[in-house]
Amino acid sequence: MEIHLIAKHELEAQGIQWMVTSHLTGVHLIPWNSMEEFKFGVTKHQPDLIILDMDGWKDESQKIGEILQKKSIHWLGLSSERIFQTVYQALRFRAEDVLFRPFSPMDLIKRIQQLRYQLRNDKHSLPKQTSENDGALAIEYTDLFVSGRKYHAPYMMAAFLTPKAEILPVILNELEQYPFTGRYWTFALTDFILCVRETQEHDVFQEEHHAFLARWKEMMDEPLAIVIKKASQEDSLKHTYQQIRQLIRRVFFEGYDIILTEEEQITYQEMDPFLTPLEQREWIEMLERRNIKAIRDWMESEFLTFLEPYPDPEVVRVRLTSVLAQIRRYMKSHDIKTSPWESAYHHVFLQIVQNPVIYDIIQELIKFTTGLLTENWDNGQERKQKLVEKARELIESNYWDAQWNLAKCADTLRVNKSTLSRRFAAESRHSFQNTLHHVRIREAKRLLMETELSMEEIARLSGYSHQTYFSAKFKQLEGCSPSAYRSGL
């Protein structure tokens, strides 16, 4: 497509040229520096479109308008004067439109896209549909899910996916504003945005979606995948929609920031979802030997080397849970059941079930397994840690009781008082008594700031039977008296 341009000044011309060539491929834009050059260029060439600064033609408008009409050239006006005369001149000489400064860059791109689509249709014109199911009829949600209606004009479907559901409204907004050629409809679904577009040229369709993806990556630091399905006029809209939902599964293997297309029927590779007895024995050996390299190699060769046709993603997820079951067996056999590792295990399970990309799942699973096997799981050390954790829980539950102390805590835990004191100090780097005082003073600070209770009452609720001792301990740990702390001094 050839476009001639004469703008208000050189800077505007450079801006328009950059904007058009960066958003549209296959466009050759020729800027002219003066009206004389422009008139000469028009007489020698037959451009597809002229972008013309109407503020600069002044007294020559009649002559320029006659040239445009005589050669039947499509043209688009630019102006800073929102007056009747400008509109009249545009109508008189049959302008495509007039953009008044300041105009949106995307408005200009949209006008050019529409004209290009119109020119292509003129070259490849088809007879209009006159049947009851004319292609010009609007497409609705029911056509995708319920009815068996066919769309008799050439069309394609494109799904726009992101792993973050909260980004879908942003995608929808950008699609509705983007200057696609031809008629199109957008549908907001729970996991992606669907776009149905009339099209006669597959290359144009692909080109525009590549441009949209490039613009998205410039604007947003969020992953986006575009999945395109060329529709057969023999298939209903519902059938095409079901096919694109199947095609979307390829994102599981190929990831985001790509455009996927498919014209043939989608098939899946056969895959056993469960580990064989030999594979189970192999996993037992790798885990018992803590052979992290062997585990990483096995995972990557098994799950990151798929070629088309891909297996069903849901079958792959089942196989991954079979692997996780072997790791779970190892955890149980070694009595690994601390809260952090239980939480990490459930996180990996949710990744297997929900994460939309297999690469991310494998990385999470390898990271979890590596951490599990490099941890020092000495049973004696684990029992000591559990003892300290239980002691901390008892401190949090009993600090308010002034009579509660190390001896009572040891009795509850059924260990020797000296043993508890030694283990507690070794594991937490603080003595039992010091930790108890810190918990009590922490509660006292909260009561001082959030209530108007007396010092005597606060001392009692914090676990001190004497206010004087409470005040002395408070000053020792906080560097000020309770009353000064309350007043902010």
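**Close-up views of a predicted model**

**View 1. Gln206 and its contacts.** If you skip its neighbours within four places in sequence, Gln206 is in contact (heavy atoms within 4.5 Å) with Ile228, Ile259 and Thr261. Gln206 itself belongs to helix 8, residues 202–219; helices here are DSSP runs of H or I with at least four residues, strands are E runs of at least two, and both are numbered from the N terminus. With a relative accessible area of 17%, Gln206 is buried (buried is under 20% relative accessible area, exposed over 50% and partly exposed in between, using a 1.4 Å probe and protein chains only). A word on the ground rules: this is a predicted model, so local features need pLDDT of at least 70 and side-chain atom pairs count only at pLDDT 80 or more, while totals for chains, interfaces and linings use all residues. Residues are numbered from 1 along each chain as its sequence is written, and side-chain values use heavy atoms, with hydrogens and water left out.

**View 2. The salt bridge between Glu12 and Arg101.** The structure holds 25 salt bridges (a side-chain nitrogen of Lys or Arg within 4 Å of a carboxyl oxygen of Asp or Glu). In one of them, Glu12 pairs with Arg101, with the closest N and O atoms 2.7 Å apart. Glu12 sits in helix 1 (residues 10–23) and Arg101 in the loop between strand 5 (97–100) and helix 5 (105–123), so the pair ties together parts that are 89 residues apart in sequence. Both Glu12 and Arg101 are buried.

**View 3. The salt bridge between Arg249 and Asp312.** Here the side chains of Arg249 and Asp312 meet, 2.7 Å from N to O. Arg249 comes from the loop between helix 9 (237–247) and helix 10 (251–254), Asp312 from the loop between helix 12 (292–303) and helix 13, and the two distant parts of the chain are 63 residues apart. Arg249 is partly exposed, at a relative accessible area of 28%.

**View 4. Glu302 and Arg319 across two helices.** These side chains form a salt bridge at 2.8 Å, N to O. Glu302 is in helix 12 and Arg319 in helix 13, so the pair ties together parts 17 residues apart in sequence. Glu302 is partly exposed, with a relative accessible area of 22%, whereas Arg319 counts as buried at 4%.

**View 5. Helix 11 packed on helix 13.** Helix 11 (residues 277–288) and helix 13 (residues 313–333) pack at an angle of about 45°, their axes 10 Å apart. Axes are lines fitted to C-alpha atoms, for helices over the stretch in contact, and angles run from 0 to 180 degrees between N-to-C directions. The two helices are therefore oblique to each other (under 35 degrees is roughly parallel, over 145 roughly antiparallel, 65 to 115 roughly perpendicular, and the rest oblique). Among the residues that meet are Trp283 and Leu287 in helix 11 and Arg319 and Tyr330 in helix 13.

**View 6. Helix 14 against helix 15.** The axes of helix 14 (residues 339–354) and helix 15 (residues 358–374) come within 9 Å and cross at roughly 160°. That makes helix 14 roughly antiparallel to helix 15. The contact includes Trp341, Tyr345 and Val348 of helix 14, along with Ile361, Leu365 and Phe368 of helix 15.
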